[in-house]
Amino acid sequence: MSSMRIRVSTIVYFLIFVVTFLTLPYLENYNTIKYVFLLLDGVYCIRYIKAIFSEKKFLIINVLVTATTIWVIGSAAFLNGNVERNTFLAAIVYYGALLEMVYIIEISIIKDDFNRFLKIILILLGIAVAIVDTQVIVESFLGMGHDFKTYIFGIKFNVGILNVQYIIFYWMYMERFKKLKRSRIIVLALLEIIVSWLAYTSTLVIIGVILLLGSIFEDKIKKVITNPIFFAVIYILSATFIYWYPILLKSGPIVELSNYMGENISNMSGRATVFKMIPIICLSHLWTGYGYGTSYEVIWGRIRVADAQNGFWELMVNIGLIGALLYTGILALPYFQTRKKRETFPLYFYITIIVLLACVEVPYGNSLLFFAFIAMYINQDKCYELETEKSGIMSQ
């Protein structure tokens, strides 16, 4: 019977996975469930807090993430008068989860449980993808799919992103244990393309194609993708896209594509209006933003659009310039490590994809930082590497 017992750490890993990766729109009390999950994980983390801060190799990331959390939650406590939503509670859920995510990963490392943690996350991602893909495919064949449908784990964008995240994590995991078969990445990418197409997500179809190309040409693009200068350039271009996009629209290839499709893309499906107004909206709350989770209420109330249509400016609305820069600093940390292991390439590749996508979408969140953290911890120390998956599990 003892062999059937589930470890406390396994439950903790499951809870932080749900909070970090899943949206459950069908559950009316999902926010309450999040509070409970965070409370349980918080109790677990408190037991190891001394050990976490005793590890010097964790110092920079712990200070930066803790400072970011304190700043966002602290500033949100004074912003409730600006919007109806309780920005304080929203900040606690989001940045409390961020803090716990970091601590839980570090605890797994301290307990020599890191590889088992990775395996559990991979399994959970696989289960989530299998569930949502089945729903998309079955409902599409039954004629129930449509452009604005909500699925079990969120809107159509969530469907595509979950597939991409699984591919990236699977790629990293198999590379880590030298079990990677390139053909499987290709099959998974093709599945992601099909599911995204059935869910009416053309952007994620394009990302699926990028994944295919990245897996084929990994050796040729690896040095570029992991270069901190490259990251800085694409991040700045993404953040400033709202200013320079007209130049892109006037370029020859884009003009020819527009003429071929017979569409006027100068307004970018309404994004031109958003890009014009979003700096004005941010100006009155430049440093602190309006409070985490308020972007829909703030932007919709002014220009009848659901979000900023740009990842960096969505951060600006929610947590202000200081918060956005702190978030950027956390995301950039793994790029400045001198040693980058082969298995972390997919993680850097994912960050690149999301930063480019952030030009016209709002994909920045805890799940993106999760991949950055994993890259950083894998790169950080040789003691995290084990020759086989079995040795990593048996050490428990």
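Me: Start with Asp 112. Is it buried or exposed?
Reply: Exposed. Asp 112 has a relative accessible area of 52%, and the cut-off for exposed is over 50%. Bear in mind that this is a predicted model.

Me: Where does Asp 112 sit?
Reply: In the loop between H5 and H6.

Me: What about its phi?
Reply: Positive, about 55 degrees, although Asp 112 is not a glycine.

Me: What can you say about the phi of Arg 304?
Reply: Arg 304 has a positive phi of about 55 degrees. It is not a glycine either.

Me: And where is Arg 304? Buried or exposed?
Reply: Arg 304 lies in the loop between H15 and helix H16 (311–332). Its relative accessibility is 53%, so it counts as exposed.

Me: Let's zoom out. How many helices and strands does the chain have?
Reply: There are 19 helices and 2 strands.

Me: How much of the chain is buried?
Reply: Buried residues account for 54% of the 396 residues.

Me: What about the accessible surface?
Reply: About 18,800 Å² for the chain. Carbon and sulfur atoms hold 67% of that.

Me: What share of the contacts join residues at least 24 apart?
Reply: 76%, taken among contacts between residues at least 6 apart in sequence.

Me: Confidence next. What is the mean pLDDT?
Reply: The mean for the chain is 87. Of its residues, 90% reach 70 or more.

Me: Which elements have the lowest and highest mean pLDDT?
Reply: Helix H19 (residues 389–394) has the lowest, at 40. Helix H11 (residues 228–239) has the highest, at 97.

Me: Where does pLDDT stay under 50?
Reply: Over residues 383–396. The model has 26 contacts beyond four places in sequence for that stretch.

Me: Is H1 mostly covered or mostly open?
Reply: Mostly covered. In H1, 10 of the 14 residues are buried. Among them are Ser 9, Val 12, Tyr 13, Thr 20 and Phe 21.

Me: What covers them?
Reply: The cover includes helix H2 (30–46), helix H5 (87–110), helix H6 (114–141), helix H7 (156–176) and H18.

Me: Tell me about H18, then. How long is it?
Reply: Helix H18 (residues 366–380) has 15 residues. From first C-alpha to last it reaches 21 Å, close to the 21 Å expected at 1.5 Å a residue.

Me: Why call H18 largely enclosed?
Reply: Because 14 of its 15 residues are buried, H18 is largely enclosed by the rest of the structure.

Me: Pick a residue in H18.
Reply: Ser 367 is in helix H18. Ser 367 is buried, with a relative accessible area of 14%.

Me: What does Ser 367 touch?
Reply: Thr 20, Phe 21 and Gln 165, leaving out residues up to four places away in sequence. Thr 20 and Phe 21 are also buried residues of H1.

Me: Which of its contacts is polar?
Reply: There is one to the side chain of Gln 165, made by the side chain of Ser 367, at 3.2 Å.

Me: New topic. How many disulfides are there?
Reply: The structure holds 0.

Me: Are Cys 45 and Cys 359 buried or exposed?
Reply: Cys 45 is buried, with a relative accessible area of 4%. Cys 359 is buried too, with a value of 12%. For scale, the cut-off for buried is under 20%.

Me: Where is Thr 294?
Reply: In the loop between helix H14 (271–283) and helix H15 (295–303). Thr 294 has 0% relative accessibility, so it counts as buried.

Me: What lies 2.6 Å from a polar atom of its side chain?
Reply: The backbone oxygen of Gly 291.

Me: Last one: Lys 276. Buried or exposed?
Reply: Exposed. Lys 276 has a relative accessible area of 64%, and its place is in helix H14.

Me: How far is Lys 276 from Tyr 243?
Reply: They are 33 residues apart in sequence. In space, their C-alpha atoms are 8.4 Å apart.

Notes. Residues are numbered from 1 along each chain as its sequence is written. This is a predicted model: local features need pLDDT of at least 70, side-chain atom pairs count only at pLDDT 80 or more; totals for chains, interfaces and linings use all residues. Side-chain values use heavy atoms; hydrogens and water are left out. Helices (H or I, at least four residues) and strands (E, at least two) are DSSP runs, numbered from the N terminus. The expected span of a helix is 1.5 Å times one less than its number of residues. Buried means under 20% relative accessible area, exposed over 50%, partly exposed in between (1.4 Å probe, protein chains only). A disulfide is a pair of cysteine sulfur atoms within 2.5 Å. A polar contact is a pair of N or O atoms within 3.5 Å; within protein, one must be able to donate a hydrogen and the other to accept it, and residues adjacent in sequence count only if both atoms are side-chain atoms. Contact means heavy atoms within 4.5 Å. Accessible areas come from the Shrake-Rupley method with a 1.4 Å probe; for residues, only the protein chains shown count as cover. pLDDT is the predictor's confidence in each residue, from 0 to 100.
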